[in-house]
Amino acid sequence: MSKTSSTIPKWADVLLIPIINLFMALAVSAMIIYLVGENPIEALKLMIEGAFGSSEGVGYTLYYATNFIFTGLAVAMAFHAMLFNIGGEGQAYIGGLGVAVILLALDQYLPFWILLPLALIGAMLFGAAWAAVPAYLQAYRGSHIVITTIMFNFIAANLMVYLLVNVFILPGSMTPESRVFEEIAWMPSIQSIFATLGIEISDSPLNLSFIIALIVSLIVWIYIWHTRWGYEMRSVGFSEKAATYAGINTKRVIMITMLISGALAGLAGVNEIMGVQHKLMLDFVAGYGFTGIAVALMGRNHPVGIIMASILFGALFQGGAELSFDMPTISKEMVFVIQGLIILFSGALAYMSRPWVEKIFIIFSKNTKKGA
Amino acid sequence: MKVWKTGVILAVAVAALSAGEFKPAVVFDMGGKFDKSFNEGVYNGVERFKKETGINYKSFEITNPTQREQAIKKMAKRGANPVLGIGFAQGPAIDKIAGKFPNTQFGIIDMVVNKPNVQSIVFKEHEGSFLVGMLAAMASKTHKVGFIGGMDIPLIRKFKCGYEQGVKYADPKAEVIQNMTGSTPSAWNDPSKGGELAKGQFDRGVDVVFAAAGGTGIGVYQAAKDAGKLAIGVDSNQNYLQPGTMLTSMVKRVDIAAYNLFKSAKNGSFKPGIQALGLKENGVDWALDKYNKDLITEDMKKAVEQAKADIISGKIKVHDYMSDNSCKY
């Protein structure tokens, strides 16, 4: 939460501590890489080069980041009202369903500039709808949102399997996938946008959704800190009782916050379904919803922090893939371990380094006072 | 002497050069290379190639759908040749990348991709199923045999249709009782439901059951053991799982397919197009080993081997469900 301690300056809180945590995670990862018999420096170099060394690498990094921005914003939004939305995975999955329903129904009739807003609305509506039941149960029945959102992830997975196997599957096909959308309904790739400007970059799944993610981040920032609703939401987050006393309808705030949170997670479906896969398929969310939790924690629930954390995690995913590509002893499980360590240090152990950073600052400020 | 020496050096150098140039690659699908099933079969095949030739291969295990195309493209870009993709889900990615790298040889298992540089490997599961169907009918005392499928998809109906034909061929009076485990991918990994379905079939008089259901089969084999009935395994040789009650297994040699693809590419005899592996190509077969030799009588063995020879020669025609999406024969 946004607990700012008076003992350390704000820049240290939002920048220094996350960087220290990141380095601790990398140090432990380096030890593990050394133990399996590879050179940690070489591995780190491969990861960084893989993530940022080519326009293709950057494309993949930002493509992953797009998903994490959406799911990270979803978690952060709920967190400002002290709600822990673990259902980003299911909401993104169903959001993708919303996109696919719209595009499958209308891609033969409408131009892209009408399809795009419709697809965005579809994703947000479906994602919000998937968050609505847990939100209602939390607000009016007191069922804990952590439990209900987790359970809704499983319901989403089963629903999607049912729909893909029985409804969307092409007749005679063995793969549970919908038909491919008409090309007009594909989100333009960054590559094609650059090509119209005369700049050639290599092929990657990065698409216009990234720009949409940045715009949405701005809107979320305005909503949280510069609107009445955002103020109400944060009040509920700081103290539900005080908010009630101040005349805020806390139940309504919980509902609205969760609906927005679900809508944000649902937008990840736009990137995947409209931007990359161009068809509805199984398991396209692949854990991005859960990664959003770590992204929000690391980004301190602030859109700017979330964008930075998303790019870091995007780099981890892309760089990790490159790493296991070039170092055969680093299996995909090893990459999971490295990703897990970073999540552990920057999420669960985020405050571990804080006490001694504070101490250093206290000693430091005493010394400067003596000197003065 | 000197000439001889140069000759040796030259030969070694040529061998080293060609070994260095041949860079096969395989992209495993989600589930990974140790999935005890399909991917692992391929893994065993390429490992055998590595052991026999000393040529290392590049491999990648994808963790999300977007990586399919990324990994295949990267393999091709880095000069890997041939590049082998596993499973029907990689079909679209192979199709796309094969078009961009016309000089690279690609392979795909369980899917057909029509590109001049792609070898598509599919299996004639109906032929192998026919043989185990015959064995089931001959081993049955009640003239009732069972079939338990995984997910209800055309591929599994192909297994079932071949099995049914084999049963009827050996014993026209026999009855086949069939169940599908479910309509979702979880049907591949539901041993408890598999066990329940098997028990239900045993109650209806079935005494031999064939499970074409992935991990669900484990429950079927256990139920057969508990009830003292016979079961038939699938994909890999599963006879060892329940020695004594495993009648046989219908083996699908994805390992041989992967091995052969690498080998043919190395020899320069890589052929694009569809490779349909049946009994003739040893792509499918029935398994006989020390675990089930007491269950297979000489007569059964003779009859099955005869049928196998007849299928290979074309005397017996096994109908393929997928040729017309129906099981009329």
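Leaving aside its neighbours within four places in sequence, which residues is A:Leu22 in contact with? I shall open with that question, and the answer is A:Ile342 and A:Ser346. Please keep in mind throughout that this is a predicted model.

A:Leu22 sits in helix H1 of chain A. Along the chain, A:Leu22 and A:Leu344 are 322 residues apart, yet their C-alpha atoms are separated by 9.8 Å. A:Leu22 counts as partly exposed, because it has 16 C-beta neighbours inside 10 Å.

Helix H1 of chain A covers residues 10–35 and helix H14 of chain A covers residues 332–348; their axes come within 8 Å and cross at roughly 145°. The crossing of H1(A) and H14(A) is right-handed. On the H1(A) side the contact is made by A:Pro18, A:Asn21, A:Leu22, A:Met24, A:Ala25, A:Val28, A:Ser29 and A:Ile32. H14(A) answers with A:Val337, A:Ile338, A:Leu341, A:Ile342, A:Phe345 and A:Ser346.

Which residues have the most contacts inside the largest nonpolar core? They are A:Leu73 and A:Leu264, in a core of 108 residues. Helix H3 of chain A, residues 55–80, provides the largest share of this core, with 16 residues. A:Leu264 itself, its neighbours within four places in sequence left aside, is in contact with A:Phe70, A:Leu73, A:Ala74, A:Met77 and A:Val216. Another core lies apart from it; this one has 98 residues, including B:Val46, B:Ile86, B:Val122 and B:Val208. As general background, nonpolar side chains in soluble globular proteins tend to be buried together.

A second residue of chain A deserves a moment. A:Val99 belongs to helix H4 of chain A, residues 88–106. Is A:Val99 buried or exposed? With 32 C-beta neighbours inside 10 Å, it counts as buried, since the cut-off for a buried residue is 20 or more. Once neighbours within four places in sequence are set aside, the contacts of A:Val99 are A:Ala119, A:Gly122, A:Ala123, A:Gly269, A:Val270, A:Ile273 and A:Met274. A:Pro355, by contrast, is 256 residues from A:Val99 in sequence and 46 Å from it in space, C-alpha to C-alpha.

Next, the meeting of the two chains. How many residues of chain A are in contact with chain B? There are 19, and they touch 19 residues of chain B. Three helices of chain A each supply at least two residues of this side: H6 (145–168), H11 (250–277) and H13 (303–326). H6(A) gives the most, with four residues. By type, the chain A side divides into 12 nonpolar, five polar and two charged residues.

I now come to some backbone details. A cis peptide bond, with omega about 0°, joins B:Asn81 and B:Pro82. B:Pro82 is placed in the loop of chain B between helix H3 (66–77) and strand S3 (83–86).

Two residues other than glycine have a positive phi. For A:Ala286, phi is near 45°, and the residue lies in the loop between H11 and helix H12 (288–298) of chain A. For B:Asp110, phi is about 75°; its place is the loop between strand S4 (106–109) and strand S5 (118–123) of chain B. A:Ala286 counts as buried because it has 20 C-beta neighbours inside 10 Å. B:Asp110 likewise counts as buried, because it has 21.

Finally, confidence. The model scores ipTM 0.80 and pTM 0.82. Chain A averages a pLDDT of 90, and 97% of its residues score at least 70. Among the elements of chain A, which helix has the lowest mean pLDDT and which the highest? Helix H15, residues 354–371, is the lowest at 77, and helix H8, residues 209–226, is the highest at 97. Over residues 1–5 of chain A the pLDDT is below 50, and this stretch has three contacts in the model beyond near neighbours in sequence. In chain B the mean pLDDT is 88, and 92% of the residues reach 70 or more. Residues 7–19 of chain B stay under 50, and the model has one contact for them beyond four places in sequence.

Note on methods. Residues numbered from 1 in each chain as written. Chains lettered and ligands numbered in written order. Predicted model: local features only at pLDDT ≥ 70, side-chain atom pairs only at ≥ 80, totals over all residues. Contact = placed C-beta atoms within 7 Å. Nonpolar A, V, L, I, M, F, W, Y, C, P; charged D, E, K, R; others polar. pLDDT = per-residue confidence, 0-100. Axes fitted to C-alpha atoms, helices over the stretch in contact; angles between N-to-C directions. Left-handed = near helix turned anticlockwise from the far one by under 90°. Core = buried A, V, L, I, M, F, W, Y, C linked by C-beta atoms within 7 Å. Buried ≥ 20, exposed ≤ 12 C-beta atoms within 10 Å, placed from the backbone.
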